[in-house]
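Here are my notes for your first look at this model. Please keep the structure open as you read, and find each residue as it comes up.

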Amino acid sequence: MEYIVSARKYRPMTFDAVVGQSALTTTLKNAVKSGKLAHAFLFCGPRGVGKTTCARIFAKAINCENPSADGEACGECESCRSFDEQRSFNIFELDAASNNSVEDIKNLMDQTRVPPQTGKYKVFIIDEVHMLSAAAFNAFLKTLEEPPSYVIFILATTEKQKLLPTIISRCQIYDFERMTVANTISHLKMVAEKEGVKYEEEALQVIAEKADGGMRDALSIFDQCASFCQNDLTYAKVIENLNVLDTDNYFQLVDLCHENKVPEAMLLLDKVLAQGFDGGRLVVGLSAHIRNVLMAKDESTAALLQTSERHRQRYKEQAKKCDTRFLYGALKVLNHCDLNYRQSSNKRLLVELAIIETAQLTQDEDVSSGRGPARRLKSLFKHITNGSQALKAVQGSRADRPLTLKPAPSPAGTPSRTHAPISTQQPPKEMPKAPPTLNISQITNSLSTLGRKERPSYLKVEEADTNERQPFTQDDVQREWMAMCVRMQSSMPGPAARLKQIIPQLEEPTKVMLVADNPLLMADIQGIIRRIRATLAQALHNGDIQVEVRLAKSEETSHAYTRRELYDNILKENPAIEQLRQLLDLELA
């Protein structure tokens, strides 16, 4: 007995057997019952969802001599039998992928001139219609708009956007939906029972997810797994055959990240990568897993989980342990990693950093995690707050003494910057001997500036100048200049690109000269020179820095030489080149 794959063996023969397209099949059946048929239909949607199948069922039904009350073909009349036996002269199928020329369409048009010998209509099914050439589309337009009364066209395509608008406007459009996981599992169960294949529901779940919304793909994968598992589909064997990462790894990884167990998470990541799985697939799968956990936190959104009942319960249990802020943060980190994965030269390191950052989302805020200045500012705020409370106690007991407040210790490796001036020295001798007044409200106002989000340094104005007077060199100026240009790219890409071409020159200990090639560039620099000076003053820790700009002299600008001028300049340095040219009988281009 000849073996037939499941995708062909279980192809639906009636509208009721079509899976997941109930709205479309109901519309088509009603059209058959009422006899109100359009002259052209366009079936579009992803692969393997039933476009060609519905076109064949529809063509069979409209030519049926005794259709049922609900619009189905009887399957017993001569027209139905000839269609089932593939000898019908009223239904034609054309594969536009291999018959896409003008001659093919002209041959099709010639067939439309002959009325049907039996039945009511001649139906032309054109599959993959988007593959027709532009000339073929133009040759098809007139016949498609005004065909004979006995001709019906059914066009099927997976890429509707490639069709000409003039083609689309002449058709009734039916958009087929992707198969849901639940519908796919239900159909696979039916096929497995008829084929005598034992199965676990989790195994069918993996097959349905792997099919990605296509029923034909799902049936093909089902046949493959049935052969591998010898008609006993188990979850372990299916994920082994399809090379799918076990969902237990995702549950374990989320638990480890939520508990700040970075070493254990790194070991689990190494185990997964050692099994041959790609880091990008791991990031995508983990993102989808965390999304499901987030959906499981609310009963109203739990219906969006397209998974088995056992996995649904596991998602709900993990959702109870993970707070929403952690899940949002993890999705943001993993999405950023996914966007940068393809461009990264060290992909493993990028994935490891994403896992580490995810594991630190629930870390204690008072623990120094080294994740940027926000943590250091928060710690500094805490120390100064404690200092202000101690100061208040001292004021209550020693009100007759002058007060001095020591600055809070800055974190290691961070240059000390004074955001709010708080005097830590004794008053100069020229000042009155009265002690300075210092109250808690002033300290609170100063501390409030620490909590504000700092604007980018290239947007600061000269009020932000530092009081420091540290020396700097030409290399320091060039380094900070390039750093400023890089930071400007996100919000001021045009000026940043032009400023990168300038090399600032340190003419005096604190004087920086900028040389502009043209008046337009000079005008641009003058418009933001105050911001440039303030940025360099803070970066170089010197408030005396001066920035000036001037127009380049003629001898300072580079000249664009022609090829002939370049050759003449080379000859001046090495006249032997001309002798070589004459010897080889070369011509100047």
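**Notes on the model**

1. Start with Gln86. This residue is exposed, with a relative accessible area of 76%. The cut-offs are these: buried means under 20% relative accessible area, exposed means over 50%, and partly exposed is in between, with a 1.4 Å probe and protein chains only. Gln86 sits in the loop between α4 (78–84) and β2. Its phi is near 60°, a positive value in a residue other than glycine. Most residues other than glycine have a negative phi.

2. A word on the source. This is a predicted model, in which local features need pLDDT of at least 70, side-chain atom pairs count only at pLDDT 80 or more, and totals for chains, interfaces and linings use all residues. Residues are numbered from 1 along each chain as its sequence is written, and side-chain values use heavy atoms, with hydrogens and water left out.

3. Gln230 is another residue to check. It is not a glycine, yet it has a positive phi of about 55°. Its place is the loop between α10 (215–229) and β7 (232–233). Gln230 counts as exposed, at 67% relative accessibility.

4. Now the whole chain. It has 25 helices and 10 strands. Both are DSSP runs, numbered from the N terminus: helices are H or I with at least four residues, strands are E with at least two. Of the 589 residues, 39% count as buried. Take the contacts with a separation of 6 or more: residues 24 or more positions apart account for 71% of them. Contact means heavy atoms within 4.5 Å.

5. Two strands pair if DSSP finds at least two bridges between them.

6. Strands β1 (residues 40–44) and β4 (residues 151–157) run parallel and are joined by 5 bridges. Phe41 stands opposite Ile154 in β4.

7. Another open sheet has 3 strands, in the order β8-β9-β10, with mixed pairing.

8. Follow β9 (residues 511–516) through both pairings. With β8, β9 runs antiparallel, joined by 3 bridges. A hairpin joins β8 to β9 through 2 residues. Leu506 stands opposite Val512, and Glu508 opposite Lys511. With β10, β9 pairs in the parallel sense over 6 bridges. There, the bridge partner of Val515 is Arg550. Is β9 mostly covered or mostly open? It is mostly covered, since 5 of its 6 residues are buried.10. Ala330 lies in helix α16 (residues 324–341). At 0% relative accessibility, Ala330 counts as buried. Which residues does Ala330 contact, leaving aside its neighbours within four places in sequence? They are Ile290, Thr358 and Leu361. Ala330 and Ala354 are 24 residues apart in sequence and 8.7 Å apart in space, C-alpha to C-alpha.

9. Finish with the second largest pocket. About 1000 Å³ of space lies in it. Its lining has 33 residues, and Glu209, Lys210, Val244, Gly285 and Ala288 lie nearest the centre. Helix α14 (279–295) is one of the elements that give two or more residues to the lining. The largest share, 8 residues, comes from α14. On a 1 Å grid over the protein atoms alone, a pocket is an open set of points with protein on both sides within 12 Å along at least five of seven lines, and lining residues have an atom within 4 Å of a point.

How values were computed: 1 Å grid on protein atoms, 1.4 Å probe; cavity = no way out; pocket = protein on both sides within 12 Å on 5 of 7 lines; lining within 4 Å. Points joined across faces, edges and corners; volume = space filled by probe spheres on them.
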